[in-house]
Amino acid sequence: IKYFIPEDGDDEKHPNVFFLKRAPTQQDLTLREIKKSFPIPGNYHFRFLTNIASYTVWLDVVNDDDTAPSFENGIFCKINRIPNKTFGSDDIRKSQIERHSQ
């Protein structure tokens, strides 16, 4: 499976590659199986390059049991990191209070 992570500075034209732990046919390859084999720990959002009609698009797959779309006889993913915690205004206030109390 070819992939790139834009937040890591990866280039779509020079993708990374990882292999599945089994050799499924593309018709039954699910997002769950791809996530299970993905080599980098963390939370991610997966988009798959595919053709719809005469257009090439990035298709979001969010249900783990959905089949992963293919592109040119393979799988090509744009994988975005999902932050573990949202840094919000409460965090900023806590940070400012901690700095002033030191």
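Analyst: Glu72 counts as exposed, with a relative accessibility of 64%; here exposed means over 50% relative accessible area, buried means under 20%, and partly exposed lies in between, computed with a 1.4 Å probe on protein chains only. The model is predicted, so local features need pLDDT of at least 70 and side-chain atom pairs count only at pLDDT 80 or more, whereas totals for chains, interfaces and linings use all residues. Residues are numbered from 1 along each chain as its sequence is written, and side-chain values use heavy atoms, with hydrogens and water left out.

Glu72 lies in the loop between strand 4 (55-61) and strand 5 (76-81). Strands (E, at least two residues) and helices (H or I, at least four) are DSSP runs, numbered from the N terminus. The phi of Glu72 is near 50°, a positive value in a residue other than glycine. Asn73 is found in the loop between strand 4 and strand 5 as well, and its phi, near 60°, is also positive in a residue other than glycine. Asn73 is exposed, with a relative accessible area of 77%. As background, most residues other than glycine have a negative phi.

Two strands are taken to pair if DSSP finds at least two bridges between them. Strand 1 and strand 5 run parallel and are joined by 3 bridges; in this pairing Phe4 stands opposite Lys78 in strand 5. Strand 3 and strand 4, in contrast, pair in the antiparallel sense over 7 bridges, and Phe48 stands opposite Leu59 in strand 4. Strand 3 and strand 4 form a hairpin with 2 residues between them, and Ala53 in the turn has a positive phi of about 55°.

Thr50 belongs to strand 3 and is buried, with a relative accessible area of 8%. Beyond residues up to four places away in sequence, Thr50 touches Tyr55, Thr56, Val57, Leu59, Pro69, Ser70 and Phe71, where contact means heavy atoms within 4.5 Å.

Aromatic rings provide further links. Rings of Phe, Tyr and Trp (its six-membered ring) pair if their centres lie within 6.5 Å; planes under 30 degrees apart count as stacked, over 60 as edge-to-face and the rest as tilted. By this rule there are 9 aromatic pairs. One of them joins Tyr3 and Phe38 edge-to-face, at 5.1 Å centre to centre and with 75° between the planes. This pair links distant parts of the chain, 35 residues apart: Tyr3 is in strand 1 (residues 2-4), and Phe38 is in the loop between helix 1 (31-37) and strand 3 (44-52). Tyr3 is buried at 6% relative accessibility, and Phe38 is buried at 9%. The rings of Phe4 and Phe76 form a tilted pair, because their centres are 6.0 Å apart and their planes meet at 40°. Phe4 lies in strand 1 and Phe76 in strand 5, so this pair ties together parts 72 residues apart in sequence. Phe4 is buried, with a relative accessible area of 5%, and Phe76 is buried at 10%.

Charged side chains also connect the parts. A salt bridge is a side-chain nitrogen of Lys or Arg within 4 Å of a carboxyl oxygen of Asp or Glu, and the count by this rule is 5. In one of them Arg81 pairs with Asp8, the closest N and O atoms being 2.8 Å apart. The two are 73 residues apart: Arg81 is in strand 5, and Asp8 is in the loop between strand 1 and strand 2. Arg81 is partly exposed at 35% relative accessibility, and Asp8 is partly exposed at 40%. Asp64 forms a salt bridge with Arg32, with 3.8 Å between the closest N and O atoms. This pair links the loop between strand 4 and strand 5, which holds Asp64, to helix 1, which holds Arg32, 32 residues apart. Arg32, Lys35, Asp64 and Asp65 are linked in a network of salt bridges.
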